Amino acid sequence: TEKSPRSQIEAEYRVVREGVGIIDVSTLGKIEIFGDDAQAPLEHAYTCAFDKLALGMTRYIFMVDGSGTLIDDGVAARLGVDHFYITTTSTHSQTVLRLLQLSADQLALDVAIIDRSFQLAAVNLAGPSSRRVLGRLTDMDLGDEASPYLGLREGVIAEIPARLLRVGFVGELGYEIHCAASQGAALWERLLEAGEPEGCAPFGVEAQRILRLEKKHIIVGQDTDAVTTPLESDMSWVVRFDKDDFIGRGALAAAGERAMRDK
């Protein structure tokens, strides 16, 4: 018998919580930043700081507009002293690209900002069995020391050159795998095949939203609206007021002062 939408979502949820699931996240924005000043537009456009981001590591990043309203989040990876790779939400990639380029132009920076959103595919493999499944397709060391949480490694997975980000949005062990768009379908099929013993199956955005909500990982635009700031979302930890000026800094500082007065 055909499953109801609710029962299908519940089944997909259990796949990720109990075994391993896979979701296509190719719609994420993907941006490369090169140059002597590569860090500067990120510092100006995002609320968080990048000075302590080590080579081969990633961090979650959050962007606000001039009023302090949350407009995007994603992940930033440091691939070199002057080389960053960032992801954005699916709907705001062009907004982020424009703001980064605007920051670079206003500050007269020596930097190249390249949109790779349509050149690269991305798949998220998540669940307690994800490491075992991935290990069948790569010679990369997936141990906690060699591939730590929030680490990024480049290698070959299922005979496909790829970037492997150990990030998790759903509260389980997870890996985001980025490869050439022309290889995305092949990577998807190989991962499903390798995960057959664990019952690996696709999961969709509805199950993903439940999984993310349980982790308290908000979806910008879904769990926030046009006036939500990080301070109102219990996310003051994403705002670094001790760094140089960034977009929305003044509005967020004023909002924080009002909140203190109202207590």
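Let's start with strand β4, residues 70-80: 10 of its 11 residues are buried, so the strand is largely enclosed by the rest of the structure. Buried here means under 20% relative accessible area, with a 1.4 Å probe and protein chains only. Strands are DSSP runs of E, at least two residues, and helices are runs of H or I, at least four, numbered from the N terminus.

A word on the source. This is a predicted model: local features need pLDDT of at least 70, side-chain atom pairs count only at pLDDT 80 or more, and totals for chains, interfaces and linings use all residues. Residues are numbered from 1 along each chain as its sequence is written, and side-chain values use heavy atoms, without hydrogens or water.

Now the neighbours of β4. Strand β3, residues 58-64, runs antiparallel to β4, joined by 7 bridges; pairing takes at least two DSSP bridges. M63 has D72 as its bridge partner in β4. The β3-β4 hairpin has 5 residues between its strands, and G68 in that turn has a positive phi of about 90 degrees. On to β5, residues 83-88: this strand pairs with β4 in the antiparallel sense, over 5 bridges. G80 has H83 as its bridge partner in β5.

Next, the largest pocket. Its space is about 570 Å³. Of 25 lining residues, L28, S90, Q208, R212 and I219 are the closest to its centre. β1, β4, β5 and α6 each give two or more residues to the lining. α6 gives the most, with 4.

Conventions:
Buried means under 20% relative accessible area, exposed over 50%, partly exposed in between (1.4 Å probe, protein chains only). On a 1 Å grid over the protein atoms alone, a cavity is a set of points where a 1.4 Å probe fits but cannot get out, and a pocket is an open set with protein on both sides within 12 Å along at least five of seven lines; lining residues have an atom within 4 Å of a point. Grid points are joined across faces, edges and corners, and a volume is the space filled by probe spheres set on the points.
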